[in-house]
Amino acid sequence: MDQILFKRHRRLRKSAALREMVRETHLHPEDLIYPLFIVEGENTRNEISSMPGTFQISLDLLKDEIEEIARLGIKAVILFGVPDEKDDCGTGAYIDDGIVQKATRVIKELAPEMLVIADTCLCEYTDHGHCGVVEEGYVQNDQSLELLVKTAVSQARAGADIIAPSNMMDGFVAAIRKGLDEAGFQEIPIMSYAVKYSSAFYGPFRDAANSTPQFGDRKTYQMDPANRLEALREAQSDMEEGADMLIVKPALSYLDIIRDVKNDFNAPLVAYNVSGEYSLIKAAALNGWIDEKAIVMEMLTSIKRAGADMIITYFAKDAAKWMD
Ligand SMILES: [Zn+2]
């Protein structure tokens with residue numbers, strides 16, 4: 001009797017070796033960027049309550065941390081500062097002995113080959129917790145740019161390899177590119193948070209960086225989660241202004257946006273697997289409800305499959321261990 005013609009997809013799933021041979025997406029430790037929260041003080045290693053397994057660490061403990069990260073094959077860290085003092089114009093972001101500037105020098109001294117990415121924003125340093133200069137309750141675009149440029153230049157001067165502006169002011173890439181060039185840092189690339197949504201998934205980060213806005217929200221500068229075409233406009237203007245790499249943030253609820261940006265722009269693409277995405281998995285894992293390792297690897301694979309070339313993730317160290 002004639003058999004109905006159909007396609008046997010299962011032929012390519014028969015053995016682990018065969019599945020591996022036809023696998024389309026691969027994760028490597030060098031795809032991962034590990035975020036570090038740096039605090040003043042000594043011998044300090046504070047676990048962030050809403051992010052189990054993630055710590056604020058002081059400068060003197062960076063040696064062990066950086067050695068571990070390097071040993072795991074991770075090539076880059078992104079730095080967030082948690083200063084002792086804040087003021088209304090975020091002075092701690094751009095002074096020469098700011099916490100990120102100090103941490104950058106320490107890391108480049110310990111491990112010159114480790115890429116230091118400096119997150120360039122003001123919200124960790126302002127007493128109102130907003131990402132720019134506030135006047136009459138509104139975050140002022142052009143005044144904020146001046147401080148962002150100062151911040152980027154001071155981070156480059158401290159030895160940062162990559163500048164990652166995250167504050168979502170219009171024109172930040174153009175302003176920072178000009179500022180870096182004028183200061184002699186033509187060779188320092190900009191990894192722009194081009195597409196950054198106003199997301200509830202950032203909640204735990206604000207515990208980690210003590211950067212919760214003291215009034216209002218960030219909806220006048222971060223993007224509306226409902227918008228897709230706006231992401232392409234943001235990415236386009238950043239490319240025109242001179243961005244070398246683009247970031248989409250967050251990742252999991254925005255996999256469609258990652259794919260859109262990847263399809264439309266010829267630049268290395270970074271996805272930020274944010275704090276809330278981490279905390280959800282950690283909480284379920286601590287309750288014994290999920291297989292943490294399997295879920296994390298599936299999640300990171302999905303972010304790469306969506307189009308990310310690199311992933312900023314709090315799971316970087318765990319994932320690199322599991323890949324080994
Ligand atoms: Zn900010």
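The structure is a predicted model. Ser 275 belongs to helix α9, and the largest pocket has a volume of about 240 Å³.

- Cys 121 and Cys 131 stand ten residues apart, and both are found in the loop between β5 (115-120) and β6 (133-135).
- Cys 121 has a relative accessible area of 2%; buried means under 20%, so Cys 121 is classed as buried.
- Cys 131 is also buried, because its relative accessible area is 0%.

- Ser 275 is part of helix α9, which covers residues 275-286.
- The relative accessibility of Ser 275 is 1%, and this residue therefore counts as buried.
- A distance of 2.9 Å separates the side chain of Ser 275 from the backbone nitrogen of Phe 205.
- Leaving aside residues up to four places away in sequence, Ser 275 touches Met 51, Phe 201, Tyr 202, Gly 203, Pro 204, Phe 205 and Tyr 314.

**Largest pocket**

- The largest pocket holds about 240 Å³ of space.
- Its lining includes Glu 20, Arg 23, Thr 25, His 26 and Leu 27, and also Lys 293, Ala 294, Met 297, Glu 298 and Thr 301.
- Trp 322 and Met 323 belong to the lining of the largest pocket as well.
- Helices α10 (292-306) and α11 (316-323) each contribute at least two residues to this lining.
- The greatest contribution to the lining of the largest pocket comes from α10, with five residues.
- Sorted by class, the lining of the largest pocket consists of five nonpolar, three polar and four charged residues.

**Second largest pocket**

- The second largest pocket contains about 180 Å³ of space.
- It is lined by 14 residues, of which Glu 40, Pro 83, Glu 85, Gly 92 and Ile 95 are the closest to its centre.
- The lining of the second largest pocket comprises seven charged, four nonpolar and three polar residues.

Key: Residues are numbered from 1 along each chain as its sequence is written. This is a predicted model: local features need pLDDT of at least 70, side-chain atom pairs count only at pLDDT 80 or more; totals for chains, interfaces and linings use all residues. Side-chain values use heavy atoms; hydrogens and water are left out. Helices (H or I, at least four residues) and strands (E, at least two) are DSSP runs, numbered from the N terminus. Buried means under 20% relative accessible area, exposed over 50%, partly exposed in between (1.4 Å probe, protein chains only). A polar contact is a pair of N or O atoms within 3.5 Å; within protein, one must be able to donate a hydrogen and the other to accept it, and residues adjacent in sequence count only if both atoms are side-chain atoms. Contact means heavy atoms within 4.5 Å. On a 1 Å grid over the protein atoms alone, a cavity is a set of points where a 1.4 Å probe fits but cannot get out, and a pocket is an open set with protein on both sides within 12 Å along at least five of seven lines; lining residues have an atom within 4 Å of a point. Grid points are joined across faces, edges and corners, and a volume is the space filled by probe spheres set on the points. Ala, Val, Leu, Ile, Met, Phe, Trp, Tyr, Cys and Pro count as nonpolar, Asp, Glu, Lys and Arg as charged, and the others, Gly among them, as polar.
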